Structures are given as structure tokens and as C-alpha cells.
Amino acid sequence: MENSSKPDDATIGPHLKAHYDFQFLSAALQFGLFDVLEKNPGTTREELAVHLGLAPQPTRILLLGCTAMGVLRKEGDGYYNTPYIQPLSALPDQPTATYLHRLYRAADWFCESLKENSNVGLQREIPGTAPTLYGRLAENPELESPFQTMMGAVSHLVGEEIAGEIDLSDYRYLLDVGGGAAMNAVHLARTWPDLEITIGDLPSVAPMANDKVAELGLGDRVRAVGLDAFHDDFPGGHDAVLFAHFLEIWSADRVRALLAKASRALPSGGGVFVVTPYQSDDETGPARSAYLSAYFQTVASGEGMVYTPQEYEQWFSEAGIDPVKRALVGPDTVVLCGRKR
């Protein structure tokens with residue numbers, strides 16, 4: 001599972017142009033380009049100029065950038081969304097663009113965040129008083145809703161693979177800590193029809209999750225409750241705990257504390273499952289582990305990063321949990337499975 005691959009062309013060029021790639025993507029979202037093409041594939045440049053309210057040459061420049069990036073394709077005179085844009089194409093364009101703009105501006109404070117060992121980007125760019133992104137999103141519902149929808153869309157891409165790697169055949173009651181808008185819970189509930197799931201997340205997030213599971217007809221087996229994972233006791237009666245895309249947000253000390261808390265809440269033989277972005281044990285990549293680590297440091301919490309599977313397995317052991325499996329899903333996500341002694 002080591003990441004030994006290196007870029008074929010290790011020039012600085014691709015990194016210098018990344019800023020422009022983001023600007024094309026953000027502008028396309030703000031103008032509703034992907035939504036227009038989702039509803040009217042094959043729309044021409046002239047027609048798109050009218051839809052977007054842009055002059056001909058700005059329209060041409062925007063389409064050139066999005067096509068060169070690979071998020072659009074051109075056939076004859078018509079333009080089409082490509083699968084690369086699928087995670088964003090179903091989201092509301094304007095709220096998503098607003099969130100992404102704030103996130104991009106916040107990332108500009110990376111150097112200061114390293115110097116101060118704090119999430120300076122959040123403090124400077126996201127309104128509110130809470131010390132973490134998630135607290136501030138709760139203070140700004142217009143940002144929280146697109147954030148949760150976007151995270152759900154991203155989780156959906158590997159949700160079925162994750163459900164296939166987590167063996168819950170011995171368990172009946174799963175606690176999904178930080179389960180967000182219920183995307184992982186939905187896949188697990190469908191894979192394991194005898195499983196009941198409690199999602200524990202912020203009180204501002206739980207209603208969205210309950211609406212989602214009710215819409216999908218799973219409300220009899222999946223429910224969301226308000227939970228502060230650090231200050232509240234984990235609800236009793238569960239024989240397995242899942243942390244999916246949650247632990248990497250926090251410092252190593254907090255991760256240890258959460259795993260110990262899960263262990264205390266479980267009976268002997270209880271399952272502990274971690275889904276997290278992958279960083280190779282030799283700490284050389286992949287690239288996404290670096291990007292996300294910068295995001296956690298600068299914006300999300302000011303303390304987390306993408307940890308290695310080896311670190312999680314050591315923390316499992318410290319908490320009285322035997323590591324039993326690690327598996328890669330998708331290009332850069334790892335599932336770690338453990339059993340309480």
C-alpha cells in the first residue's frame with residue numbers, strides 16, 4: 001500500500017496554473033453553467049452566452065478554460081458536462097460557489113496558519129465565533145447546507161465500496177460518529193438489512209440526516225441525534241462504532257481520546273471502523289493527503305491532518321482494540337477495521 005509513484009513531469013507548471021483552474025470552476029458555478037448543460041446538453045456557445053448573461057468573448061474564454069480542464073467536452077458546436085464534474089453538477093450552483101470562494105480565500109492563509117499553528121484562514125475568512133469550521137457552519141446555515149450536500153456527494157462516490165469492506169455481519173447496532181448527511185449510513189443500512197444505525201452529529205446537522213433517511217424509506221432503522229463527540233457520552237447499546245472522514249480533522253491526542261471513548265462504550269468483541277483519506281506509511285503521499293492536511297490546518301480545525309494507517313493501528317492497540325484489516329477503496333481512501341479485546 002506504499003505510494004511509490006511520482007509525477008512523470010515534475011515541473012512547476014501544473015502547480016502554477018492551479019489557481020486559474022479554480023477560477024474557471026468557481027466562475028462556472030457562479031454563472032450556473034453546469035446546471036444549464038445538465039438540463040440542456042449540447043447547448044452552443046452563442047446560446048450559453050444568453051443563458052449566462054455574458055458577452056461573446058467572456059463566454060468563449062470561460063468555455064475554453066472549462067473544456068481545457070476536462071470538466072466540459074465539446075462536440076461540434078455543442079457543449080456537455082463530463083463525468084469529472086458529476087459530484088458538483090447536482091448541487092445548487094450559487095451556494096456551492098459561495099462556499100468554495102470562502103474556502104479558497106481561507107487557504108491563502110496557509111503560511112500564517114503554519115507559523116501560528118492555528119486555523120488562521122478560518123478566523124480571517126469565515127464569519128462566526130466558533131473555533132472550528134463545523135461550528136461556524138452551524139452559525140451560517142447558508143454555508144452549512146451546501147457543505148453537507150457537497151460532502152454527501154463526495155462520500156457517495158465510494159460509499160458502496162466502503163459498505164463492502166466493512167463486515168457488520170456480527171453486529172446489530174452501529175453508532176456512526178460525525179455521520180453528516182447520512183450517506184455512509186444509507187449504504188451500510190442497504191448492505192446490512194438487519195443493522196440499526198444511530199448517526200451522532202451536531203444538532204444543526206442531525207435534522208438534515210433524518211430528512212434524508214426518511215426520504216429514502218430507512219427511518220425505521222437509521223436515526224440521527226445531536227452529539228458533541230468530545231463532551232457527550234456515546235449513546236449506549238451499540239456493539240460497533242464507525243468514524244468516517246472524521247478523525248483526521250483532529251489532533252493525534254484527540255484521535256486517541258475518541259478511540260478510547262469508543263472502546264469504553266463497546267462490549268468485548270465490539271467493532272471499531274475508521275474510514276479516512278489515505279497517507280502511505282512512508283509519509284510520501286498521495287497528493288490528496290497533503291492537500292487535505294493543509295485544509296485541516298488552515299481552515300477546518302487548526303490541528304488535524306491525514307494520518308497513516310500505521311498510526312491508526314498503533315492507536316487502536318493503545319485503546320484495547322485489535323487491528324484486523326486495512327483496505328484501500330477508491331484511489332485514496334482507506335478502511336481500517338478493529339475489534340475490542
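Student: Which residue in β3 stands opposite T43?

Tutor: Strands here are DSSP runs of E with at least two residues, helices are runs of H or I with at least four, and both are numbered from the N terminus. Two strands pair if DSSP finds at least two bridges between them. T43 of this predicted model stands opposite Y79 in β3. Residues are numbered from 1 along each chain as its sequence is written, and this is a predicted model in which local features need pLDDT of at least 70. Side-chain atom pairs count only at pLDDT 80 or more, while totals for chains, interfaces and linings use all residues, and side-chain values use heavy atoms, with hydrogens and water left out.

Student: In what sense do β1 and β3 pair, and over how many bridges?

Tutor: The pairing of β1 with β3 (residues 78–81) is antiparallel and has 2 bridges.

Student: In what order do the 3 strands of the open sheet come?

Tutor: The order is β1-β3-β2, with antiparallel pairing. β1 (43–44) and β2 (72–75) are the edge strands, each pairing on one side only.

Student: In what sense do β4 and β5 pair?

Tutor: β4 and β5 (residues 196–201) are paired in the parallel sense, over 5 bridges. Within that pairing, Y173 has E196 in β5 as its bridge partner. Buried means under 20% relative accessible area, exposed over 50%, and partly exposed in between, with a 1.4 Å probe and protein chains only. Of the 5 residues of β4 (residues 173–177), 4 are buried, so β4 is largely enclosed by the rest of the structure.

Student: At what angle do the axes of α2 and α5 cross?

Tutor: Axes are lines fitted to C-alpha atoms, for helices over the stretch in contact, and angles run from 0 to 180 degrees between N-to-C directions. The axes of α2 (residues 18–31) and α5 (residues 56–69) cross at roughly 120° and come within 9 Å. That makes α2 oblique to α5; angles under 35 degrees count as roughly parallel, over 145 as roughly antiparallel, 65 to 115 as roughly perpendicular and the rest as oblique. The crossing of α2 and α5 is left-handed, a term for a near helix turned anticlockwise from the far one by less than a right angle.

Student: Which residues of α2 and α5 meet?

Tutor: Contact means heavy atoms within 4.5 Å. From α2, D21, F24, L25, A27, A28 and F31 meet I61, L62, G65, C66 and M69 of α5. By class, this contact has 9 nonpolar, 1 polar and 1 charged residues. Ala, Val, Leu, Ile, Met, Phe, Trp, Tyr, Cys and Pro count as nonpolar, Asp, Glu, Lys and Arg as charged, and the others, Gly among them, as polar.

Student: At what angle do α4 and α5 pack?

Tutor: The angle between α4 (residues 45–52) and α5 is about 110°, and their axes are 9 Å apart. α4 is therefore roughly perpendicular to α5. R45, L48, A49 and L52 of α4 meet T59, R60, L62 and L63 of α5, a contact with 5 nonpolar, 1 polar and 2 charged residues.

Student: What is the phi of H245, and what is that of E283?

Tutor: Most residues other than glycine have a negative phi, and most peptide bonds are trans. H245 has a positive phi near 55°. H245 lies in the loop between β7 (240–244) and α14 (252–265), and it counts as partly exposed at 25% relative accessibility. E283, also not a glycine, has a positive phi of about 60°. E283 sits in the loop between β8 and α15 and counts as exposed at 59% relative accessibility.

Student: What kind of peptide bond joins G285 and P286?

Tutor: The bond between G285 and P286 is cis, with omega about 5°. P286 is in the loop between β8 (271–277) and α15 (287–300).
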